Amino acid sequence: MKNDTSRVPVSVLDLVPVREGHTAKEALQDMVELAKHVEKIGYQRFWLSEHHNSPTLASSATSILISKVLDNTESINVGSGGVMLPNHTPLVVAEQFGTLETMYPGRVDLGLGRAPGTDMQTAHALRRTNQETAFVFPQDVVELQNYLKPLEHQGMVHAYPGVGTEVPIYILGSSTSSAQLAAKLGLPYVFAAHFAPQQLEQALSIYRSGFEPSDYLAEPYVIVCVNVIGADTNEEAEQLSTSSDLFYLNVVRGTKNLLQPPVDSMDGKWNFYEENMVRGMSRYTLKGDRETLSEQAGRLIGELQIDELMAVSYIYDQEKRKRSYEVLKAALTHK
């Protein structure tokens, strides 16, 4: 049975990749251009992800980038996918996002993750402590929620601006523990299937079965982030996807090459083990022309009963990356 994808919102996750032969400044310009483009064609939200100590990604100062995108767009929701909460105090995050919400009312999303978004040495440099702060993530989420509530629900310390803004919070994750937390707090759940797909189905099952309605959400809401390589032909999409393969090969090898142009073939670029690792990480990839993407997306949304699809595209050419999001939107709306 063909699933009706036309009612499923579609959004973008941007890690602000720096392209080979280009600068970080150009990557930030690409970010703004892309946000304006996807707003124009009807995307729901545009999220930016926090990463540190990586020359390949220019998204370390996430809240600043969010402000830049909000300032250059008019209606699309903009947020974090996510803020890695162990790197920050809840009060500072509440102040930052309370400020953003005050400047751009009703357009700010706050996605929260428990991973550091970097290596352990950099995590220590960020936190200035050896304490494993990921263990207090649930308490930090609740503390952050409280800072954003009306004044009568708060203690002695307040986030100004922030009080009463009630910026919508989303729990991000790639494991069953994040699903349990999102369910217990009655918050929307966003799964990072674009790089860590192993526990996707189990996590969604746990989230839905354990969901407790809250003041924020009456019933479960699931967003799944996947890789998308859309093009006018399947052959072009296949070729464009080699940039994504090389990006994930970076992760497997622990190297820090900038986003590479596509190649005609990956033969000789990786060994059998590396190819399997990359294929495993990027298992949830929608790739092809409009008709192919429509079939793939329909099957994925139908099988997992996704409420919203989020797409990340590691495509070297900026115009082809924009085109990829056009093809995906057309594939979902059957236009």
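The model is predicted: local features need pLDDT of at least 70, side-chain atom pairs count only at pLDDT 80 or more, and totals for chains, interfaces and linings use all residues. Residues are numbered from 1 along each chain as its sequence is written, and side-chain values use heavy atoms, with hydrogens and water left out.

Start with helix H1, residues 24–40. Helices (H or I, at least four residues) and strands (E, at least two) are DSSP runs, numbered from the N terminus. H1 has 17 residues, and at 1.5 Å a residue they should span 24 Å. The expected span is 1.5 Å times one less than the number of residues. The end C-alpha atoms of H1 are 25 Å apart, which agrees.

Several H1 residues are buried, among them Ala27, Met31, Leu34 and Val38. Buried means under 20% relative accessible area, with exposed over 50% and partly exposed in between (1.4 Å probe, protein chains only). The charged Asp30 and Glu39 are on the buried list too, since Asp and Glu count as negative, Lys and Arg as positive, and His and the chain ends are not counted. The buried residues of H1 pack against strands E1 (10–14) and E2 (45–48) and against helices H2 (62–71) and H11 (318–333). After H1 comes Gly42, with a positive phi near 100°.

Now turn to strand E7, residues 222–230. Nine of its nine residues are buried, so E7 is largely enclosed by the rest of the structure. One side carries Val222, Val224, Val226, Val228 and Gly230. The other carries Ile223, Cys225, Asn227 and Ile229.

E7 also has strand partners. Two strands pair if DSSP finds at least two bridges between them. Strand E6 (189–191) runs parallel to E7 and is joined by three bridges; Val190 stands opposite Ile223. Strand E9 (308–312) pairs with E7 in the parallel sense over five bridges, and Leu309 is the bridge partner of Val224. Strand E8 (285–288) is parallel to E7 as well, through four bridges. There, Gly230 faces Gly288.

Last, consider Glu101 in helix H3 (90–103). Glu101 is buried yet has no salt bridge, meaning a side-chain nitrogen of Lys or Arg within 4 Å of a carboxyl oxygen of Asp or Glu. The nearest side chain of opposite charge, Arg107, is 8.8 Å away. What does the side chain of Glu101 reach at 2.8 Å? The backbone nitrogen of Gly106. Beyond its neighbours within four places in sequence, Glu101 is in contact (heavy atoms within 4.5 Å) with Gly106, Arg107, Val108, Thr165 and Val167.

Key
Polar contact = N/O pair within 3.5 Å; in protein donor to acceptor, adjacent residues only side chain to side chain.
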